[in-house]
Amino acid sequence: MTAPRRIPALLLLLLASCNPRPDTGPVVVSAIGGRPSYPDVNKRPADTTQRLLLDSTAQGLVRFDASGQIEPGLAERWIVVDQGRTYIFRLREAEWSDGGKVTAADVAIILKRAIAPQSRNPLKPFLTAIDDIVAMTDQVIEVRLSRPRPDLLKLFAQPELAVRRENPPGGSGPFRVSAAAANSVMLRPAFDPARSPDDEVAEPGPEQNVQLIGESAARAVLRFTHKDSDFVAGGSVGDWPLIAMTKVAPTNIRLDPAAGLFGLAIVRRDGFLAAAAGRAAIAEAIDRTALIAAFTPDWGQPVERLLPDKLDSASAPAVSTWATLTSDARLADARQQVAAYRLANPGEIALRVALPDSPGGNLLWGQIGARLAAIGIRPVRVAMRAEADLRLVDEVAPYDSARWYLATACALCSDDAQAALTAARDAPTMAERATHIAEADAALAADVAFIPIATPLRWSLVSLRLQQWQGNPRAWHPLNRLRNDTN
C-alpha cells in the first residue's frame, strides 16, 4: 500500500481561497481601527470603525450610496433656492434608538454644534458659508448660507455630520446596535416608523444583520483569509503589504478610485527648504513611477499637480515648473540645487521625513529616502506626529472642491496663496470663487508648498456574497449597501 501524496501547503491555501464564504448569517465586517464606539467628532477625529458605526446608526440628512452618490437619509427630499444660498430639507418619519420621534429642532441643534465657535469638527473649515440652521416645522429644516455652495450635500453625507444623540447613544438608523462586545457590535436593521402595520414585510433575517469588528489591519486580513469575515474596510497605503504576505485571492482585493491628496507637505521653511528652488528639488527627486510600482501598478498614475481636472477653478490646474522637465533633467536640477546650497552653506543637509510606522511606511521610506540620498541629502525618518521638515499627507477628499485640495495642501504656504484661499472662501459668487481658486492654485504651484505623488491608495477585501460593493471616489462603503437584498 502506498502512502498518500501530500498536498503542498501553498496549494491548499490557493484551493481554500477559491471557495467563497457561504452566504449565511450576519455580514461580518472588520474595520481597521479601534473598537466600535461613539466619538465626539466635534472634539477629536474619528477612526474608520467609529465612522462606520456613526454612518450605520446615526445617519445624516443625506447619505452616500454604494457608488458614492447622494441618497436620502433623514431627509426624504430637499430643494435648493435663493441662487444656491438656501437648502430646505423635509425630514421623513424617523425614530431615535429609544423610539422617540426625530424632529427638525433636534436635527438643527445637533448640526449647529458642528459649526459652533468651539467645535473642532474636521469639516468645520469647509462649512463657513453656513449662517444658520433653522427648524421651520417639526419636519422641515432650513440651512441658510452667506455664499452659494453647490457641493454642500456631500459634506452633509459625511459621518462627521451624522445626527446623533448622547443619551441614549445613537441615531435614526439604518441600523440599531442589538448587542455589543469588547471589540465588536451587532447591528440590526432599524424598524421603519413609516411602515403601515398592515404591510406584509418579513422580519429581517440574520443575513441582514452586520457584525462590526474594530481591529488591527493584520488581524483583519488574517480573519478574512480564514473566511471568518466578509469585508475588510479602511485599508490604506500603510497596510497594503500585508495583503501580499497572506496571499489573498485576487478576486477579493478591491481598490477604490479614491480622489484626494497623497504627497509630502512642507512643514518647515528654513535651511534648504527656505527657498522655492530647494523645495522644488525635493519634488524633482521623487520617482513617482517607481514608488507606485513598489506597491501595486493598480494604484494609479503618478500625480504632479495639486488639483485634478474639472473642479471649481477658473482655469486649468496649475503646473509647477519642475513638472515640465524630463525625469533625467529633474534629477540633474535637484543635484545642482543641493550643490549650490552647499557651496553657500557648507555642511550636511539633513531633512526629517514624517511617515507612518507600518509596513507601507517602510516601503515609502525606502523609496523616498533613497531618492533624497541620491541628490545629496541625508534623510531622517521620524514619527507622523514628531517635529519634521516633510510630512506625509494621505487624505481622501470629502467632497469635490478645489478649495479642499488647496487648503489641505497648504500646511505652510506663501502669504499670496493664503490670501487667495481666504478670498475664495469668502467670495460672494461662484465666478469670483473660481477666480480666487485659480489664483491660489497658481500661487501654491509657484511656491512649491506641497509635493504631490499619487492619489490616495484605498483598498478593501470583499467576499463574493457582497455583490453591491462598488469602488468610488469617496472610498466609502455604507454597511447597508453591501448586499443586494439590504435597504
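Helices (H or I, at least four residues) and strands (E, at least two) are DSSP runs, numbered from the N terminus. The structure described here is a predicted model, in which local features need pLDDT of at least 70 and side-chain atom pairs count only at pLDDT 80 or more, while totals for chains, interfaces and linings use all residues. Residues are numbered from 1 along each chain as its sequence is written, and side-chain values use heavy atoms, with hydrogens and water left out.

## Overall form

The protein has 13 helices and 18 strands. Its radius of gyration is 25 Å, close to the 23 Å that the globule rule gives for 487 residues, so the protein is as compact as a globular protein of that length. That radius is taken over C-alpha atoms, and the globule rule is 2.2 Å times the number of residues to the power 0.38. The C-alpha trace spans about 90 × 85 × 35 Å along the principal axes.

Of the 487 residues, 51% are buried. Here buried means under 20% relative accessible area, exposed means over 50%, and partly exposed is in between (1.4 Å probe, protein chains only). The accessible surface comes to about 21800 Å², and carbon and sulfur atoms hold 53% of this surface. Such areas come from the Shrake-Rupley method with a 1.4 Å probe; for residues, only the protein chains shown count as cover.

A contact means heavy atoms within 4.5 Å. Among contacts with a separation of 6 or more, 72% are between residues 24 or more positions apart.

There are 54 positive and 54 negative side chains, and the centres of the two sets lie 5 Å apart. Lys and Arg count as positive and Asp and Glu as negative, whereas His and the chain ends are not counted. The place of a charge is taken as NZ of Lys, CZ of Arg, CG of Asp or CD of Glu.

## Aromatic pairs

The structure holds 9 aromatic pairs. Rings of Phe, Tyr and Trp (its six-membered ring) pair if their centres lie within 6.5 Å; planes under 30 degrees apart count as stacked, over 60 as edge-to-face and the rest as tilted. Two of the pairs are listed here.

| Pair | Type | Centre to centre | Angle between planes |
|---|---|---|---|
| Tyr-87 and Phe-89 | stacked | 6.3 Å | 15 degrees |
| Phe-262 and Trp-299 | edge-to-face | 5.2 Å | 80 degrees |

Phe-262 lies in strand β13 (residues 260–266) and Trp-299 in the loop between α8 (288–295) and α9 (327–344), so this pair ties together parts that are 37 residues apart in sequence. Phe-262 is buried at a relative accessible area of 1%, and Trp-299 is buried at 6% relative accessibility.

Tyr-87 and Phe-89 are both buried. They also belong to one aromatic cluster, together with Trp-78 and Phe-156.

## Buried helix and side chains

Helix α2 (residues 48–57) is mostly covered, with 9 of its 10 residues buried. Among the buried residues are Arg-51, Leu-52, Leu-53, Leu-54 and Asp-55. Their cover includes strands β1 (27–32), β2 (62–64), β8, β9 (184–189), β10 (210–215) and β11 (231–235).

Ile-368 is part of helix α10 (residues 359–374) and is buried, at 1% relative accessibility. Leaving aside residues up to four places away in sequence, Ile-368 touches Leu-264, Ile-286, Leu-291 and Leu-355. Its C-alpha is 8.1 Å from that of Asp-287, although Ile-368 and Asp-287 are 81 residues apart in sequence.

Thr-296 sits in the loop between α8 and α9. This threonine is buried at 7% relative accessibility and touches Trp-240 and Leu-255, again not counting residues up to four places away in sequence.

## Backbone details in loops

Gln-83 has a positive phi of about 55 degrees although it is not a glycine. Gln-83 lies in the loop between β4 (75–81) and β5 (86–91) and is exposed, at 68% relative accessibility.

Val-448, also a residue other than glycine, has a positive phi near 50 degrees. Its loop runs between α13 (430–447) and β17 (450–454). Val-448 is buried, at 5% relative accessibility.

A cis peptide bond joins Gly-173 and Pro-174, with omega about 15 degrees. Pro-174 lies in the loop between α4 (152–156) and β8 (175–180).
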